[in-house]
Amino acid sequence: MTDGLASADVITVPSMQLDWQAGTLAGREAENQLRLVGDLSGLFGDDAAWRAADPKTPVYEVNVWQPVAAETEGGLFVGVTRVFPGKIGSEYFMTRGHFHAKRNRGELYWTVSGQGVLVLMDEDRRITSERMTPGSIHYIAGGLAHRVANVGDEILTFWAHWPSDAGHDYDSIGQFGFAARVVDVDGCPVLERA
Ligand code: F6R
Ligand code: ZN
């Protein structure tokens, strides 16, 4: 008998599993992206230091589950990012950073391990930032570009949820960068105007 449900007496097994603390997402539909130093041309302020670094060094990796197609209205995506500890010159390893293509689409980040700084920038290039520590939750309002730097000695792991029709605009950041960088000054993370 069908009544719109798959079956009243079958409990199905979800296709995806996560390891919350380790920051991994596994299953048939998991997509994995690894970003190496060599992939991140133009991202760090000190170009000579970037050229001198081993291009094969991992900077961050992302596991994403997109249960619906990109651009679907009303759906949700989930992902986990692991930013490795390290620096290019005095600037901490960080994500590329992006605006959402649909500017009014927000996002949630929450940290499970490590120490980070979330840098937010509006379209007028005004910067705000928040410390990321285990358990911290960060609401990223629509219209804010977002980037994360690992300012600690261990892997920074954070989870994210965002709308499936948000899209990603990397070009604006690629062209103009963020208005501030997170750099190490005497062992402490400091926001430096770019
Ligand atoms: C999705 C989102 C995160 C980032 C990830 C990598 O909207 O904000 O899942 O995509 O932290 O950063 P980017 O995408 O800037 O390389
Ligand atoms: Zn985002």
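Start by selecting ligand 1 and His146: an oxygen atom of the ligand sits 3.3 Å from an N or O atom in the His146 side chain. Keep in mind that you're looking at a predicted model.

How much of ligand 1 does the protein bury? On its own the ligand exposes 390 Å², and the protein buries 96% of that.

Next, bring up the surroundings. There are 15 residues around ligand 1, and the ones that come nearest are Tyr60, Thr81, Gly97, Tyr109 and Tyr170. Pick Tyr170 from that group and show Arg96 with it. Which part of Tyr170 does Arg96 lie over? Arg96 lies over the face of Tyr170, at 4.0 Å from the ring centre.

The structure holds five aromatic pairs, and two of them are our next stops.

Colour by secondary structure and you'll find Trp20 in the loop between strand E1 (16-19) and strand E2 (24-27), while Trp159 is in strand E14 (residues 156-163), so the pair ties together parts that are 139 residues apart in sequence.

Are these two buried or exposed? Trp159 has 0% relative accessibility, so Trp159 counts as buried. Trp20 has 39%, so Trp20 counts as partly exposed.

For the last stop, select Phe44 and Phe93. This aromatic pair is tilted, with 6.3 Å from centre to centre and 50° between the planes. Phe44 is in the loop between strand E3 (30-36) and helix H1 (47-52), and Phe93 is in the loop between strand E7 (91-92) and strand E8 (99-100). That makes this another pair linking distant parts of the chain, 49 residues apart.

Phe44 has a relative accessibility of 4%, so Phe44 counts as buried. Phe93 is buried too, with a relative accessible area of 4%; the cut-off for buried is under 20%.

Definitions and conventions
Residues numbered from 1 in each chain as written. Chains lettered and ligands numbered in written order. Predicted model: local features only at pLDDT ≥ 70, side-chain atom pairs only at ≥ 80, totals over all residues. Heavy atoms only, no water. Phe/Tyr/Trp six-rings, centres within 6.5 Å; stacked < 30°, edge-to-face > 60°. Helix = DSSP H or I, 4+ residues; strand = E, 2+ residues; numbered from the N terminus. Buried < 20%, exposed > 50% of the residue type's maximum accessible area, 1.4 Å probe, protein only. Lys NZ or Arg CZ within 6 Å of the ring centre and 35° of its normal. Near = heavy atom within 4 Å. Polar contact = N/O pair within 3.5 Å; in protein donor to acceptor, adjacent residues only side chain to side chain. Areas by Shrake-Rupley, 256 points an atom, 1.4 Å probe, with all protein chains shown as cover.
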